[in-house]
Amino acid sequence: MKIISTPAEIASWSVEHHAAGETISLVPTMGFFHEGHLQLMRQARALADLSVVSLFVNPIQFGPGEDLDRYPRDFPRDASLAEQEGVEVLFAPEAGTMYPAPALTRIQVSQLTEYLCGADRPGHFDGVCTVVAKLFNLIKPEYAVFGRKDYQQLAVIRRMVSDLNWDVLVVDHPIVRETDGLAMSSRNKYLSISERQTALCLSRAIRLARRMVREGLRDCAEMLSGLKKMIATDDSARIEYLMVVDKGSLIPQSIITPDSLLALAVRVGSTRLIDNTVLFDDEE
Ligand code: AMP
């Protein structure tokens with residue numbers, strides 16, 4: 001596996017391999033890999049001749065007071081895991097090479113960013129879209145793989161690609177969970193043993209919501225109030241948002257339909273965790 005750390009070098013690597021007729025898939029990440037990341041890498045490998053994983057803790061997608069400085073990092077472990085997955089290139093630039101001058105340009109996707117994380121984290125998706133746009137321009141992948149764990153991010157990137165006519169196919173991957181249901185996340189590292197238990201309230205809420213739907217409940221307010229009550233039984237869990245939205249427009253709904261997405265963000269201690277489910281889908 002090749003480790004590349006500058007934008008110029010990854011751009012010329014891409015030109016060289018495209019000239020040889022090879023296709024490229026990209027998995028954008030912030031590192032501190034877990035099984036979720038590794039599954040995305042496997043999917044990327046199956047899609048194209050060559051796969052690139054980018055590892056970049058993108059400063060412009062973090063707001064003031066967020067966890068940019070303490071975001072978990074372990075480059076040697078990440079490099080070895082990516083290599084074991086058979087990835088061709090790990091692109092791990094320093095912030096100074098990605099943003100040699102303050103970035104005065106931002107890509108902004110409206111509407112889809114109005115609710116959920118977009119409402120809680122102003123500017124977050126502008127930072128995400130801007131860095132993903134830079135990665136697409138540098139690497140020009142035919143495929144880019146994103147997890148449904150960050151459902152709103154996936155929807156926003158898909159819309160950006162379509163609005164800006166990028167020739168890249170955005171492929172999604174289901175949420176990968178621990179055996180007890182907790183969605184895998186690099187941020188789970190922040191959780192103490194007791195917080196780890198509290199964190200199960202997210203996947204429990206999802207299971208309860210799916211059961212309510214199976215039993216015929218269609219009123220969103222009634223569902224959300226039941227879920228809030230369940231989450232509130234633990235003092236150390238604080239709901240940031242808990243919403244049923246249309247899975248395409250991400251606009252809140254009042255009645256559950258086959259297109260309903262339940263999405264939630266809960267702060268457990270100082271750690272912000274997110275999860276979601278399409279209520280009628282079989283697989284999650
Ligand atoms: P991150 O490093 O957290 O920015 O995540 C990089 C990519 O991995 C994003 O597309 C995420 O949606 C995806 N991802 C993170 N955690 C999971 C998970 N538990 N299941 C599936 N995909 C995930």
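**Entry 1: cysteines.** I began with Cys 201. Its sulfur is 15 Å from the closest cysteine sulfur, that of Cys 117, which is too far for a bond. I note that this is a predicted model. For a disulfide, I need two cysteine sulfur atoms within 2.5 Å. I then checked Cys 220. Its closest cysteine sulfur is also in Cys 117, at 19 Å, again too far for a bond. I searched the whole structure and found zero disulfides.

Cys 201 has a relative accessible area of 5%, so I logged Cys 201 as buried. Cys 220 comes out at 2% relative accessibility, so Cys 220 is buried as well.

**Entry 2: helix H10.** Cys 220 took me to helix H10, residues 220–231.

Next I listed the buried residues of H10: Cys 220, Met 223, Leu 224, Leu 227, Met 230 and Ile 231. I looked down the helix axis. These buried residues fall within an arc of 120°, so they line one face of H10. On the other side, I found Ala 221 and Lys 229 exposed.

What covers the buried residues of H10? I noted that the cover includes helix H9 (200–214), strand E7 (237–246) and strand E8 (260–268).

**Entry 3: aromatic pairs.** My search of the whole structure gave three aromatic pairs. One of them joins Phe 56 and Tyr 99. I logged this pair as tilted, with 6.1 Å centre to centre and 40° between the planes. The pair links distant parts of the chain, 43 residues apart. Phe 56 sits in the loop between strand E3 (50–55) and helix H3 (75–84). Tyr 99 sits in the loop between helix H4 (95–98) and helix H5 (117–120). Phe 56 is buried, at a relative accessible area of 6%. Tyr 99 counts as buried too, at 11% relative accessibility.

I also logged Phe 62 with Tyr 71. This aromatic pair is edge-to-face, with 6.1 Å centre to centre and 75° between the planes. Phe 62 and Tyr 71 are both buried.

**Entry 4: arginines over rings.** I found Arg 70 over the face of Tyr 190, at 4.0 Å from the ring centre. I found Arg 77 over the face of Phe 32, at 5.7 Å from the ring centre.

How values were computed: Residues numbered from 1 in each chain as written. Predicted model: local features only at pLDDT ≥ 70, side-chain atom pairs only at ≥ 80, totals over all residues. Heavy atoms only, no water. Helix = DSSP H or I, 4+ residues; strand = E, 2+ residues; numbered from the N terminus. Expected span 1.5 Å × (residues − 1). Buried < 20%, exposed > 50% of the residue type's maximum accessible area, 1.4 Å probe, protein only. Arc of directions from axis to C-beta. Contact = heavy atoms within 4.5 Å. Phe/Tyr/Trp six-rings, centres within 6.5 Å; stacked < 30°, edge-to-face > 60°. Lys NZ or Arg CZ within 6 Å of the ring centre and 35° of its normal.
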